Amino acid sequence: MTVPRPARLRTELAGALLRRVAGPDPAAARDAIHRTPGPRWFAADSAIARVHGDASMFVGGIRALLLQALHPRAMAAVAAHSGYRSDPWGRLQRTATFLAATTFGPVEQAEQYVAVVRAVHARISGVTPDGEPYRASDPHLLTWVHVAEVDSFLLAHQRFGRTPLDEAGCDEYVAQAARVARALGGHDVPTTLAGLRSSLGAYRPELRGTAAARETADFLLREPPLPRTARLGYSALAAAAVSLMPAWTRAELDLPWSPTTQSLGGIGGTLATKGIRWALDAAEPGSPPEDDESSHGDEPHARDDRTADDRAADDRTADDRTADDRAADDDTPVPAPAAAPEAR
């Protein structure tokens with residue numbers, strides 16, 4: 001049996017990861033976003049580009065899903081309207097595309113994705129098993145989804161990212177992410193790290209582990225739709241995500257936690273994200289045309305340490321459904337990161 005050389009192994013691993021996250025033609029998906037000319041919402045060296053372009057998004061995406069599931073109305077909307085069980089990889093790819101388009105794509109493209117999601121939200125409503133009405137367009141729910149996602153992405157980046165942000169960079173990231181949340185219809189969206197923490201605390205009385213939330217946790221942590229060869233790496237990412245969850249969530253979601261798994265989660269998360277980064281650094285990065293100008297105001301920008309670092313959130317997926325159907329699976333109203341970067 002021939003063992004692939006390191007360079008070949010690296011290329012094969014990068015291809016396998018990107019096809020999972022970006023669809024069958026990752027290069028075309030990447031170019032559709034990165035190489036389409038036009039002004040951008042955010043600069044290439046901005047804090048949001050650093051966070052959303054890092055391998056730590058794989059951990060942050062899983063953590064975001066676990067945390068978001070604790071809001072009963074948000075979770076009920078996902079259980080009733082999302083195809084996360086029937087088409088998890090398609091959902092991941094569409095989620096990654098939304099994140100990529102709004103973070104790295106031209107303004108016109110980002111606005112199109114936001115408009116599709118808002119149109120889908122406008123027609124999704126229902127009642128939870130406990131009789132509580134919900135609307136996917138509810139600004140309160142949209143803001144919950146956002147703050148849980150941003151907290152997860154940032155926490156994972158600070159713990160497992162290539163170069164963690166300083167205090168000013170964290171505030172920059174929260175402020176930049178808020179731009180997307182407001183465009184989607186969120187209200188009272190925090191724009192600083194302190195504001196993010198305050199907002200999360202304000203939602204705490206509304207959060208609890210429902211049966212649907214525990215089923216989601218089981219699906220993510222105990223029943224991932226992966227071949228056996230991929231489960232070891234995924235388990236390391238999932239354990240890292242669990243290690244970042246607030247202590248009170250362990251009983252609510254029946255999370256597999258102990259002091260030993262907490263320690264192993266940190267070690268495994270470090271090794272897994274380094275492995276992903278090693279593979280994806282070999283992929284050719286997408287970038288806007290050289291004469292492109294970004295429309296990102298006077299915001300301060302953090303240094304961009306990505307090379308091809310986890311363009312997993314940078315790609316469009318091939319899907320034969322309508323744009324509205326794709327968005328319905330991604331934002332109703334909990335994104336699937338990410339995780340990947342899964343977040344929308």
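Predicted model: local features only at pLDDT ≥ 70, side-chain atom pairs only at ≥ 80, totals over all residues.
**Entry 1: D31 and R35**

I began with D31 and R35, whose side chains meet in a salt bridge at 3.2 Å, N to O. I count a salt bridge when a side-chain nitrogen of Lys or Arg lies within 4 Å of a carboxyl oxygen of Asp or Glu. Residues are numbered from 1 along each chain as its sequence is written, and side-chain values use heavy atoms, with hydrogens and water left out.

Next I looked up cover. I call a residue buried under 20% relative accessible area, exposed over 50%, and partly exposed in between (1.4 Å probe, protein chains only). D31 is partly exposed because its relative accessibility is 31%. R35 is partly exposed too, at 35%.

**Entry 2: D138 and R73**

I then turned to D138 and R73, which form a salt bridge at 3.3 Å, N to O. Where do the two residues sit? D138 is in the loop between β2 (133-135) and α8 (139-160), and R73 is in helix α5 (residues 72-81). The pair therefore ties together parts that are 65 residues apart in sequence. I took helices (H or I, at least four residues) and strands (E, at least two) as DSSP runs, numbered from the N terminus.

**Entry 3: R208 and D130**

The side chains of R208 and D130 meet in a salt bridge at 2.9 Å, N to O. This pair also links distant parts of the chain, 78 residues apart. I found R208 in the loop between α10 (193-203) and α11 (211-221). D130 lies in the loop between β1 (125-127) and β2. R208 is partly exposed, at 32% relative accessibility. D130 is exposed, with a relative accessible area of 56%.

I also noted a network: R73, D138 and E206 are joined by salt bridges that share partners.

**Entry 4: Whole chain**

How many salt bridges are there by this rule? The count is 9. I logged 15 helices and 2 strands in the protein chain. The chain has 344 residues, and 55% of them count as buried. It exposes about 14300 Å², with carbon and sulfur atoms supplying 55% of that area. Accessible areas come from the Shrake-Rupley method with a 1.4 Å probe; for residues, only the protein chains shown count as cover.
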